[in-house]
Amino acid sequence: MPAGPCLPFFFFETGPPVRISDDISLQEWELTEQFTRSSGPGGPNVNKVSSAVELRFEAERSPSLPQPVKNRLKRLAGRRWTQDGAIVLRVEDTRSQARNREIARERLVELIRQALVAPRRRIATKPSYGSRQRRMDAKTRRGSVKSLRGRVDDPDI
């Protein structure tokens, strides 16, 4: 046996960063992927192949995202946001593990891009004078129609 450091059984290559926009990219260490068997009906490989992917992004601890983006991301993620501030996406759309991996990353990128867009401030407006008049006229007409629906008291009958 050669002398030197013992290499572990598993090693992970850090791939290229995941690009979100021109100035934001996620490093590989921020993403964790776990592969499991897909649910539902399958073919001969259903009990052998782990094609479903569970992508976990540590959003709360990510140095790549500013805090306002994290807040919007938390709201957009909904139940996919965990207690410890991570986003978990499970994809089992195809039978290919590689394609499920791509889909999960695409969904994460799209979710973060949606969170990057700051909502526009709503400017309060008042209804115009004409629209107020039309509304009151319609209410008066409707009220008169309803009042004519009542019982008819005719002494001649």
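Visitor: Why is Lys70 said to have no salt bridge?

Guide: Keep in mind that this is a predicted model. The nearest side chain of opposite charge to Lys70 is Glu60, 5.4 Å away. As for its setting, Lys70 sits in helix H1, residues 67-77.

Visitor: Which residues does Lys70 touch, leaving out those up to four places away in sequence?

Guide: Ala59, Glu60, Ser62, Leu65 and Trp81. Glu60 can be on that list because contact asks for heavy atoms within 4.5 Å, whereas a salt bridge asks for particular atoms within 4 Å.

Visitor: What makes Glu30 a residue without a salt bridge?

Guide: For Glu30, the nearest side chain of opposite charge is Lys70, 7.7 Å away. The cut-off is 4 Å, so buried Glu30 has no salt bridge. Glu30 lies in the loop between strands S2 and S3.

Visitor: How do you know that the side chain of Glu30 makes a polar contact with that of Ser64?

Guide: The distance is 3.2 Å, and the limit is 3.5 Å, so the pair qualifies. The side chains of Glu30 and Ser62 are also joined by a polar contact, at 2.3 Å.

Visitor: Why are S3 and S5 called edge strands?

Guide: The open sheet runs S3-S4-S5, with antiparallel pairing. S3 and S5 each have a single partner strand, so one side of each is left without a neighbour in the sheet. From one strand to the next, the twist averages 20°.

Visitor: What makes S4 and S5 a pair?

Guide: Five bridges join them; pairing takes at least two, so they count as paired. Arg56 stands opposite Val88 in S5.

Technical notes: Residues are numbered from 1 along each chain as its sequence is written. This is a predicted model: local features need pLDDT of at least 70, side-chain atom pairs count only at pLDDT 80 or more; totals for chains, interfaces and linings use all residues. Side-chain values use heavy atoms; hydrogens and water are left out. Helices (H or I, at least four residues) and strands (E, at least two) are DSSP runs, numbered from the N terminus. Buried means under 20% relative accessible area, exposed over 50%, partly exposed in between (1.4 Å probe, protein chains only). Lys and Arg count as positive and Asp and Glu as negative; His and the chain ends are not counted. Axes are lines fitted to C-alpha atoms, for helices over the stretch in contact, and angles run from 0 to 180 degrees between N-to-C directions. A polar contact is a pair of N or O atoms within 3.5 Å; within protein, one must be able to donate a hydrogen and the other to accept it, and residues adjacent in sequence count only if both atoms are side-chain atoms.
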